[in-house]
Amino acid sequence: MRNSTKRNTVPSLAVIVGLSLFITGCSGGGAAETAEEPTEESSEQPAVRGDEDLIIWADPVRIEYIKEIADTFAQENGITVGVQGIVNTRADFITANSAGNGPDVIAGAHDWIGQLVQNGAVEPLQLTPDDLAGYSLTAVQASTYEDQLYALPYAVESVALYCNTEYAPGTYASIEDVIAASQPAVDAGTLDVPLILQQGELGDAYHMQPLFTSGGGYVFGRDAEGNYDPTDLGLNKPESIAAAQKIASLGETGANTIRRSISGDNYLSLFTEGRAGCMVSGPWALPDVKKALGENYSIQPVPGFAGMQPAQPFMGSQGFMVASNGKNKTFAQEFVTNGVNSEESMTQLFELSNQPPAMVSVREGITDEDVLALATAADQGAPMPAIPAMAEVFAPLGQAWSAIIGGADPTETMNQTHETIAQAIAG
């Protein structure tokens with residue numbers, strides 16, 4: 001039996017919605033939807049801060065559980081706190097902050113940070129390395145930009161490998177082993193495909209990233225301090241082309257495992273209807289998988305190609321950031337650095353949201369195998385680059401993967417894609 005957490009909680013609407021979306025925008029659509037794009041337009045009616053002493057903006061699906069933490073902070077400090085649900089959180093925040101009408105704290109994805117810093121919209125947090133010792137190292141790395149911490153992480157996510165244990169009951173060391181496990185059922189006509197890795201006609205760079213990195217490929221390199229370097233675009237490097245060739249071998253003109261017919265619209269139903277042995281997806285798929293398969297599924301980090309590098313999916317972190325032009329920055333820093341920066345608060349956030357926690361000590365009280373497996377998968381990933389240049393990557397790289405799995409020459413396609421993205425970054 002799969003265990004639940006040791007602590008009893010009362011389900012709320014926020015928990016139900018949070019489970020179905022988990023990390024806003026990720027479900028089905030891949031990384032292009034992981035966070036609002038930098039070119040996103042704001043709401044027709046500009047968001048306006050409330051009248052409370054401390055204002056926090058967050059995606060509407062998160063306000064229920066953030067509000068509980070904020071209310072506790074308000075009572076302890078004798079102030080009023082308002083938590084507002086803003087649909088276009090990042091775009092509206094940049095506009096409102098510039099006009100002096102924004103929040104004091106914003107809750108959002110770590111890959112917003114580069115654009116927010118570029119716009120002077122957030123301030124570094126007043127936390128030392130010792131203050132962050134209890135958090136996942138990957139989550140701290142994700143929340144750090146140009147050697148400064150801009151977000152206090154509270155939840156982490158990445159894609160993982162889900163398997164239907166009726167066809168793939170083991171734990172697998174390589175993606176080849178994953179495919180081999182349920183290939184006999186495909187050959188017998190019981191399954192349609194051994195492994196689902198959604199791509200669609202436009203491709204999906206987010207879901208392809210684990211295999212790309214396992215083959216040796218990379219999007220952006222890093223400097224000596226570990227920061228992503230937008231001048232080191234690696235798509236035309238020999239290692240990346242070799243990875244693309246390896247991926248092509250699983251495409252429609254190769255093993256026909258990765259197919260353009262499997263997209264964000266149908267990937268989940270294919271798995272939950274028992275038509276695939278395994279699936280690469282994220283925490284957002286878990287509620288549907290549990291409902292359809294009951295106890296007959298497993299979750300593990302995505303394995304890489306046999307004899308090659310470990311797979312490193314894009315890892316994401318949700319965190320709290322302090323607005324640069326907030327009206328009460330002292331309260332804002334206090335809320336982030338002390339109000340939510342405790343095991344008690346982080347435990348409460350986990351219990352209300354059921355998202356894999358960024359604080360490692362909180363995980364020690366969790367017995368839910370699914371949450372722990374998803375947290376491990378995120379820890380083994382690499383932070384999604386938060387640099388503004390990343391906005392130019394997803395669409396063309398996704399199109400490259402679609403072309404390659406459809407039979408296009410990997411070398412030519414990766415060279416052309418590299419040039420397209422490099423030109424877009426250069427402006």
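A residue is taken as buried when its relative accessible area is under 20%. In this predicted model, Tyr206 has a relative accessibility of 2% and therefore counts as buried.

The structure contains 7 aromatic pairs. One of them joins Tyr206 to Phe314 in a stacked arrangement, with 6.3 Å from centre to centre and 15 degrees between the planes. The angle falls under the 30 degrees set for stacking, so the pair is classed as stacked. Tyr206 belongs to helix H7 (residues 205-214) and Phe314 to strand S14 (residues 314-323); the pair therefore ties together parts that lie 108 residues apart in sequence. Phe314 has a relative accessible area of 4% and is likewise buried.

Helix H7 also contributes Phe212 to a pair with Trp401 of helix H15 (residues 394-405). Phe212 and Trp401 are 189 residues apart, and their pairing links distant parts of the chain. Both residues of this pair, Phe212 and Trp401, are buried.

Aromatic residues also occur in a cluster. Phe73, Tyr154, Phe320 and Phe335 together make up one aromatic cluster.

A charged side chain is placed over a ring at Tyr228. Arg222 lies over the face of this tyrosine, at 4.3 Å from the ring centre.

Key:
Residues numbered from 1 in each chain as written. Predicted model: local features only at pLDDT ≥ 70, side-chain atom pairs only at ≥ 80, totals over all residues. Heavy atoms only, no water. Phe/Tyr/Trp six-rings, centres within 6.5 Å; stacked < 30°, edge-to-face > 60°. Helix = DSSP H or I, 4+ residues; strand = E, 2+ residues; numbered from the N terminus. Buried < 20%, exposed > 50% of the residue type's maximum accessible area, 1.4 Å probe, protein only. Lys NZ or Arg CZ within 6 Å of the ring centre and 35° of its normal.
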